[in-house]
Amino acid sequence: MEPASTPRNCPFDYAEALEFDPQLRELQNEAPVSRIRLPHGDGEAWLVTGYDDVRTVTTDRRFSRSAVIGRNFPRMTPEPIVQDEAINVMDPPASSRLRSLISKGFAPRHMDRMKVRTQHVVDELLDRMEEHGSPADLFEHLAAPLPLTTICEVLDIPEGDRAQLRAHARTMMNTSVDNRDNAVRSKADMRAYFAKLTAERRANPGDDLISALATARDGDELLNDRELTVMAMVLLITGQDTTTYQIGNIAYALLTRPKELAMLRARPEMLPQALEELLRFIPFRKGVGIPRIALEDVELSGVQIREGDVVHVSYLTANRDARKFERPDELDLERVGPNHMTFGWGGHHCLGAPLAATELQVALGTLLERFPDLELAKPAADVQWNKTSIWRYPLALPVIW
């Protein structure tokens, strides 16, 4: 059994296009289970990087998400993004009950309606981009507005409220040290907004996802008011930012790889499989998310983790584990193999993954079909990337056709 390693300072601030973070690569290769210090929070944490070890931490009941509540745990942002009542920090069986109720909101009949809405939004946005003319910023015309518009339509959020909610979400994701007070305020304002909105939908349900969640039953079980408020917040935050950035990342990845782009244009039916590989390959976020706490002593890859220790996992390194994926650092759109971990794993696999997959398929499929000669308007090296968020994405993506 290896002794605890000397903790490494890990800012996880690398943002060079879609290149893999060299510090993460070093940890993955030299110390698959290692001690780290993060920019915010108290103390140290373990970082687990291997696919099988990540799967263990995310599925084994000896590791608890709910035990982080009330702790100033090591993290990437000045203020924790997560709410104490959120499903992200629940353990089974409490999380199982909520997941069962929430999954009813993503039932096939709701997903079919969401796909129709998504296609409608994509068509309108690309109409406007075509009217604008070449060159145009793909991030501004498609990646930024689509997920926000779609999730707001799905949640039936009034158009006049959307820009402010997006601003709150961006403030909460900002990693700057001087951002803490703003993040606390944005989190409180967004929570107050959704407390009011969900109460209205509970009283007068409509045809939207919040209403579906408010009325979803599992036997006698309903989401209580607090759970419904926080779930609506989580859906708004994760349902817009993450998909926005992935549309930008995937478009950039394809537009800088002529061979893969030509393959998809020649065989559009392979898009769903290709998107799975792109989601595996792209180092989507910086660093880590919400940790877990070890409830007892556990050994992982010969390293002893003690009861009470904070444990982070890296889905990024798990997706590049050479023991699971052949040629892990190559983008192979025809790859079939283990499932990627970009949407998480186990009891905290992203509940909104079906909506994200729908948006990506509709957006990228329609884009490639409508603009068969689309290409970057400037050299790839000139594309500017975000430096302050936990997410990796291009700030603008100028294209010509």
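Visitor: What makes β3 and β9 a pair?

Guide: Three bridges join them, and the two run parallel. Two strands pair if DSSP finds at least two bridges between them, so β3 and β9, with three, count as a pair. One spot to look at is Trp46, which stands opposite Val311 in β9. By the way, this is a predicted model, where local features need pLDDT of at least 70 and side-chain atom pairs count only at pLDDT 80 or more, while totals for chains, interfaces and linings use all residues. Residues are numbered from 1 along each chain as its sequence is written, and side-chain values use heavy atoms, with hydrogens and water left out.

Visitor: What is called a strand or a helix here, and how many of each are in the chain?

Guide: Both are DSSP runs, numbered from the N terminus: helices are H or I with at least four residues, strands are E with at least two. By that rule the chain has 14 helices and 11 strands.

Visitor: Which sheet does β3 belong to, and in what order do the strands come?

Guide: It's an open sheet of six strands, in the order β1-β2-β3-β9-β6-β4, with mixed pairing. For the parallel kind, take β1 and β2 (residues 33–37), joined by two bridges; Arg8 stands opposite Ile36 there. For the antiparallel kind, take β2 and β3, joined by four bridges, with Ile36 opposite Ala45.

Visitor: Why are β1 and β4 said to stand at the edges?

Guide: β1 (8–9) and β4 (63–64) each have a single partner strand, so one side of each lacks a neighbour in the sheet.

Visitor: How do you know whether the β3 side chains are buried or exposed?

Guide: Buried means under 20% relative accessible area, exposed means over 50%, and partly exposed is in between, using a 1.4 Å probe and protein chains only. Ala45 and Leu47 point one way from β3, Trp46 and Val48 the other way, and all are buried. Across the chain, buried residues make up 55% of the 401 residues.

Visitor: What makes you say that the buried residues of α11 share a side?

Guide: In α11 (residues 258–266), the buried ones are Glu260, Leu261, Met263 and Leu264. They cover an arc of only 160 degrees around the axis, which puts them on the same side of α11; the arc is that of the directions from the helix axis to the C-beta atoms. An α-helix has 3.6 residues a turn, so residues three or four places apart point the same way. The face turned away from that buried side carries the exposed Pro258, Lys259 and Ala266.

Visitor: What do the buried residues of α11 pack against?

Guide: They pack against α10 (225–255), α12 (271–281) and α14 (353–370), where contact means heavy atoms within 4.5 Å.

Visitor: How do you know whether the chain agrees with a compact globule?

Guide: The globule rule is 2.2 Å times the number of residues to the power 0.38, and the radius of gyration is taken over C-alpha atoms. For 401 residues that gives a value near 21 Å; the chain has 21 Å, so the two agree. Along its principal axes the C-alpha trace spans about 60 × 55 × 40 Å.

Visitor: What about β5, in the sheet with the order β5-β11-β10: why is β5 an edge strand?

Guide: That open sheet has three strands with antiparallel pairing. β5 (136–137) and β10 (375–376) each have a single partner strand, so they stand at the edges. Two bridges join β5 to β11 (residues 398–400), and Ala136 stands opposite Val399.
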